[in-house]
Amino acid sequence: MNKKLLGALSLVLILSLISGCTAKTTGNQDNGDTIKVGVNYELSGDVATYGQSLSDGVLLAIEEINKNGGVFGKQIQPIKVDNKSEDTESANVSTRLATRDKVVALLGPATSGNTKAAIPAATQNKIPLVSASATADDVTVDSNGNVREYIFKTCFSDSFQGVMMAEFALNDLNFKNAAILADSTSDYAKGLSKAFKETFTSQGGKILSEEAYQAKDTDFKAVLTSLKGLNPEVLFVPGYYEEVGLIVRQARELGLDVPILGADGYESPKLTEIAGKGVLNDVYYSSHYSPMDDAEEVVKFKEDFKARYGKEADAFNALGYDLGYFFKDALERAGEVNSEKLKDAFASTKDFKGVTGTVSIDENHNPVKSVTIIEMKDGVPTFLKKLDPK
Amino acid sequence: MEQLLQQLINGISLGSIYALIALGYTMVYGIINLINFAHGDIYMIGAYVGFALTTFLGLGFFPSLLISMLVCSILGMIIEKVAYKPIRNSTRIAALITAISVSLFLEYTMVYFVKPDTRTFPEVLQSKILTLFNGKIIIDLKNIYIILITILLMAGLQYVVHKTKVGKAMRAVSLDKNAAELMGVDVNKTISYTFAIGSSLAGAAGVLVGVYYNTINPLMGVVPGLKAFVAAVLGGIGIIPGAVFGGFFLGMTETLVSAYGGSVFKDAVAFSILIIVLLIKPNGLLGKTIKEKV
């Protein structure tokens, strides 16, 4: 009885599939009076604070560019969408931006997982995608080592942060025995702990134990108690602020007072809120940016940001802001609104000066830039030093 | 040795939370054979009520705990009246699907109203660290509070079930609903009471977790709800001491597995134990084998 309906439905499905295939063009080109650019971020969900910060930064940069006459005399029109911190949603909205809104480039998402979910949409539709914070190694390079043609990033990679933190532990803190407690459910934490371990052991350090937790866990006392029994000099905890806040708190409650090292996933005021001010000491993490930097462009950015949003800029705001100008820089060099030419312009970026450092894109579509080490003192992030890549 | 003792303390505090939530599962199952998947979400709402009371009204820990238990018991009764009562005589699969829908409804209604972000509970209980054996064992005063409150609530529940008229009615309904009704027991009222008591325990667990772990979010009930369900099944679903036993057993297992190098497989081990128990003793560790009446 329902066979007719079923047949009709499957016909519609097949037709839409076919049209989906034929819609593959050579990227998006000039389309009207404005330059449309997709801004795909985690505006709600687990990592909403990253996404919101980044999109605030991107939008500030675009507003400034538009105020100064835009690019080629055209205004940039950001199309802001929320991927809800979910992989499937990220893939959906990217496809929509590329095919329906015909954007010239995709900016975002924030996390590596959500960025990877958006890659097929960018690649199939030949639209360049640039993330300012997807630090996973395999965002720009696939598992076979081939560079993904349309994917770029303006932040350093996980492995690079892991390497730098291992060197920091060995050379600056002079520790030889470390333990790792990593989020086993995220690629981000896995990449970091692998790089940390390789660098730390190859330079004479020893990893006493490698333990794991899962995102959303709330009780870490068992694993922290057993780590305490091993007497490590330093603990490396790659992960995100929600769990790290609880880990720091519970570690200190259990009397595990060794320094805790991490990476840019710590970057959130929520870290202090969750861990509590009093216990958040001796925690170091690598970051992209420090507001203590007094370079001219950083000071200007901080003032502009405060004037626009009424709050202090954090690292993700700065990364987002740089991403906006990075896009403008490439677009101007591309010479026209054409996603294919824009892609080549991204790849050939040289010495782009942003607030998070000077960026040149290497052959793997990763930037070459320095990392900033932040130390938490009573819950307040303070600038410790800048580490240059070797 | 000290480490083992410390781990036992960790395990007991984790286990008491599971036990509190598991009690609600088991009570509801015992009385109407329904696995109330919304139970973990009532626990979440309990945490949010506690959060609102302590943060916005500045109430202390104990008043917040009691009000939150009250709110959850009312919510439990409403859920029963609105969602479960109309389908009480339908198939069990219908009831199960309804329970899952109620769970999702509560989760995403909360996401809509309170936003999905994690919130931090204010410090309503002063964290005071007690050390034993020259600092080798560390107990937070909060741990002791949690364990004591859990034991107190369980003892209270035991009293209600075994010494009061309501408790007698509950036991009668769980044994045979029709026969109980014929004997003059008000079945509807008894089921309402059961939901009220079970939900208030979940509410208490929510506030305790908020205070203990300091963070709450609208989806915080999913995993503990699942674990508590496992605890209830482990102990023998429908049996009150079984839920308590299952809760502590699960908390202890998880703690000891991560303590001895298995932090990666923590949950895998917990669920493997469940499968093994179900294979050997399908009625749970404390369950009695009941012969099917023909």
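**Chain B, overall**

I started by counting secondary structure in chain B and got eleven helices and four strands. This is a predicted model, so I am reading everything below as computed from it.

Next I looked up the radius of gyration of chain B, which is 19 Å. The globule rule also gives 19 Å for 294 residues, so chain B is as compact as a globular protein of that length. I then took the extent of its C-alpha trace along the principal axes: about 65 × 45 × 35 Å.

How much of chain B is buried? I find buried residues at 49% of the 294. I also checked sequence separation in the contacts of chain B: of those between residues at least 6 apart, 74% join residues at least 24 apart.

**Chain B, annotated segments**

Residues 93-114 of chain B come out as 100% helix and 0% strand, with 32 Å between the end C-alpha atoms. For residues 257-280 of chain B I get 75% helix and 0% strand, and the end C-alpha atoms sit 22 Å apart.

**Where chain B meets chain A**

I listed the contact between the chains: 22 residues come from chain B and 25 from chain A. Which elements of chain B supply at least two residues each to its side? I noted helix 1 (2-32), strand 3 (137-140) and helix 10 (240-259). Helix 1 of chain B gives the most, with five residues.

Sorting that side of chain B by class, I have twelve polar residues, eight nonpolar and two charged.

**Chain A, domains**

I moved on to the domain assignment of chain A. Domain 1 is written in two pieces, 34-156 and 294-369, while domain 2 covers 159-287. Taken over C-alpha atoms, the centres of the two domains of chain A are 29 Å apart.

How many residues of each domain are in contact with the other? I count eleven from domain 1 of chain A and twelve from domain 2 of chain A. On the domain 1 side, the elements giving two or more residues are helix 4 (112-124) and helix 11 (315-334) of chain A. By class, the domain 1 side that touches domain 2 in chain A divides into five nonpolar, four polar and two charged residues.

Terms used:
Residues numbered from 1 in each chain as written. Chains lettered and ligands numbered in written order. Predicted model: local features only at pLDDT ≥ 70, side-chain atom pairs only at ≥ 80, totals over all residues. Contact = placed C-beta atoms within 7 Å. Nonpolar A, V, L, I, M, F, W, Y, C, P; charged D, E, K, R; others polar. Domains from an automatic or database assignment. Rg over C-alpha atoms; globule rule 2.2 N^0.38 Å. Buried ≥ 20, exposed ≤ 12 C-beta atoms within 10 Å, placed from the backbone.
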